[in-house]
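The exercises below ask you to work through one structure step by step. Try each task before you read its solution.

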Amino acid sequence: MKELLERNKLLLLKSLVWSFVFGMFSHAYMYFNNSMTHDSLSEFASSHPWKMQIGRIFVPFYQTYFRGPMILPFLIGILTLLYIGIAVFLIVKLFSVKSGLLIALISGVMTANVTMVATTATFIGDLDCNILAMLFSVIAVFCWKKFKFGYILGAIPLTFTFGLYQSYVSVTITLIIFILLFELFDGKGFKEEFLSGLKGVAMIVLAGALYFISLKLILAANGLEVASGSYNSIDTALSLSAADVLKNMWDATKTAIKATLLPYSLFSSGFNNIIHVLLAIISAVSVLMTFLSKKIKLAEKFLIAFLIIILPLGMNVCHVLTNNMSHELMYYALNLFYVFVLLITFKNAEIFKIGKILKVVSVILVAVIIFGNIRLANLTYMAKEQQADAVLSYFTSVTTKMDEVEGYKTGETKVCFFGTDHISLPWGFDKVEGIFGMSGGFLQNQDFYMYYYRYFQYYLMRSEWIVSQDDVKDMQLVNQMPSYPEEGCMQFVDDILVVKL
């Protein structure tokens with residue numbers, strides 16, 4: 001082990017340093033501030049039973065014994081960047097990367113991307129758990145590739161991926177496809193790669209079986225059942241018909257291609273389109289150059305074509321399992337497209353004259369994308385903080401008016417909120433409103449009364465008895481009430497103080 005670390009310490013150091021450099025430039029704003037909103041509020045001091053019920057069975061253990069149950073932005077940030085740095089190192093080893101520039105760019109891609117921005121901005125309580133799931137996915141691929149019975153060994157870390165955040169299994173699938181493609185490009189035979197691919201499938205199936213057993217045991221031990229009907233519950237996948245799966249596979253492929261070639265960006269749509277179309281062309285030309293330069297047999301050609309065709313589906317496989325639903329938090333594997341372009345252009349630069357030109361162009365384009373994502377991250381976090389300050393001012397005024405209502409007593413009177421606290425973002429900030437988690441109300445615009453409870457508890461330090469809208473019976477009266485700050489926006493309906501925002 002000592003010899004292994006000594007031999008790889010420089011690669012590990014580069015991977016960690018670049019991950020922290022890009023990570024801090026991108027996300028330090030959020031790591032040093034406290035601007036948690038809706039989902040983060042509900043999990044401010046943990047929501048372990050709910051996490052287990054929707055299938056994230058290892059999150060409570062991790063949060064309790066490693067990070068702690070409270071959301072601590074700076075600690076979460078440091079752990080996240082550490083996990084990314086280790087994952088970058090393993091990917092560098094998997095693809096025998098030696099170039100310091102390539103290591104830096106891979107670190108930038110894996111650190112400064114829209115998935116990281118969306119998760120950090122609104123779901124920071126999940127950030128380190130999700131990225132740890134990504135790291136376990138990469139570890140699984142490393143085991144599959146480097147050890148004789150690695151597909152069996154790799155099922156263990158992949159089980160933890162399933163139990164932390166299932167979407168990151170797509171990272172495993174994507175990396176396996178990349179490795180198979182590059183080995184076929186290097187002249188390995190159909191039989192060897194086909195069997196290797198089957199072992200990868202076996203690893204995923206075995207991990208799924210281990211996860212299912214773990215899910216049953218952990219839920220039973222805690223007296224819980226799988227949450228049913230929730231959009232992010234694990235039971236959605238179990239209710240799909242064969243027709244649903246086939247339709248969702250096609251939709252997942254289209255969604256992956258669109259999200260890869262037209263990702264969220266601060267750049268103009270035209271400029272953003274040009275960059276990604278160019279990268280797609282560079283990727284296609286690089287593959288074709290490799291394809292034509294070597295005497296690849298027909299069977300291997302068919303396998304290469306098959307792997308390329310299924311790649312978008314593999315990158316977005318959870319779109320199938322969630323019954324045709326995916327968003328930025330689930331798109332981490334799509335960012336590996338940039339890694340593929342970089343890997344193949346760096347490889348071809350050593351063989352073809354035109355390969356050197358493609359390498360330079362791909363480096364410039366990916367660097368521009370990373371820079372754009374750093375800008376996107378900082379603008380998003382600034383918007384989030386400004387919104388948080390505005391909401392604090394808003395609810396300070398709301399509570400002042402609540403205190404003036406005759407018969408109301410803090411912590412003793414039942415309170416129910418209707419309407420929405422939504423604050424529209426002004427010009428400039430509106431450019432990030434389309435990112436998942438940025439639109440809608442700060443405390444959500446639905447009856448998530450626990451969000452209000454957490455907000456009053458942790459931001460206003462007031463103990464309020466907040467109840468669900470279902471507890472209010474006279475909805476006709478509620479519908480007739482004016483909205484805050486109009487007179488009559490706070491009225492008693494039976495024994496509940498209704499506050500209409």
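**Exercise 1. Burial and cysteines**

Is Cys143 buried or exposed? Decide also how many disulfides the structure holds.

Before starting, note that this is a predicted model, in which local features need pLDDT of at least 70 and side-chain atom pairs count only at pLDDT 80 or more, while totals for chains, interfaces and linings use all residues. Residues are numbered from 1 along each chain as its sequence is written, and side-chain values use heavy atoms, with hydrogens and water left out.

Step 1: buried means under 20% relative accessible area, exposed means over 50%, and partly exposed lies in between (1.4 Å probe, protein chains only). Cys143 has 8% relative accessibility, so it counts as buried.

Step 2: a disulfide is a pair of cysteine sulfur atoms within 2.5 Å, and the structure holds zero of them. For Cys416, which is buried with a relative accessible area of 0%, the closest cysteine sulfur is that of Cys489, 14 Å away and therefore too far for a bond.

**Exercise 2. Two aromatic pairs**

Classify the ring pair of Phe32 and Phe74, and then the ring pair of Phe417 and Tyr452.

Step 1: rings of Phe, Tyr and Trp (its six-membered ring) pair if their centres lie within 6.5 Å, and planes under 30 degrees apart count as stacked, over 60 as edge-to-face and the rest as tilted. A search of the whole structure finds 26 aromatic pairs.

Step 2: the centres of the Phe32 and Phe74 rings are 5.1 Å apart and their planes stand at 45°, so this pair is tilted. It links distant parts of the chain, 42 residues apart, with Phe32 in the loop between helix H1 (2–31) and helix H2 (38–42) and Phe74 in helix H5 (residues 73–94); here helices (H or I, at least four residues) and strands (E, at least two) are DSSP runs, numbered from the N terminus. Phe32 is exposed, with a relative accessible area of 58%, whereas Phe74 is partly exposed at 39%.

Step 3: the rings of Phe417 and Tyr452 have centres 4.6 Å apart and planes at 10°, so that pair is stacked. Phe417 belongs to strand S1 (residues 414–418) and Tyr452 to helix H20 (residues 449–458), 35 residues apart. Phe417 is buried, with a relative accessible area of 4%, and Tyr452 is buried as well, at 2%.

Step 4: both Phe417 and Tyr452 belong to a cluster linked by ring pairs, whose other members are Tyr394, Phe395, Tyr455, Phe456, Tyr459 and Tyr484.

**Exercise 3. The surroundings of strand S4**

Which strands pair with S4, and in what sense?

Step 1: two strands pair if DSSP finds at least two bridges between them. S1 and S4 pair in the parallel sense over five bridges, and the partner of Phe417 in S4 is Val499.

Step 2: strand S3 (residues 490–493) pairs with S4 in the antiparallel sense over four bridges, among them the one between Val493 and Ile496. S3 and S4 form a hairpin with two residues between them, and Asp494 in the turn has a positive phi of about 60°.

Step 3: in a regular strand the side chains alternate between the two faces of the sheet. Strand S4 (residues 496–500) has five of its five residues buried, with Ile496, Val498 and Lys500 on one side and Leu497 and Val499 on the other.
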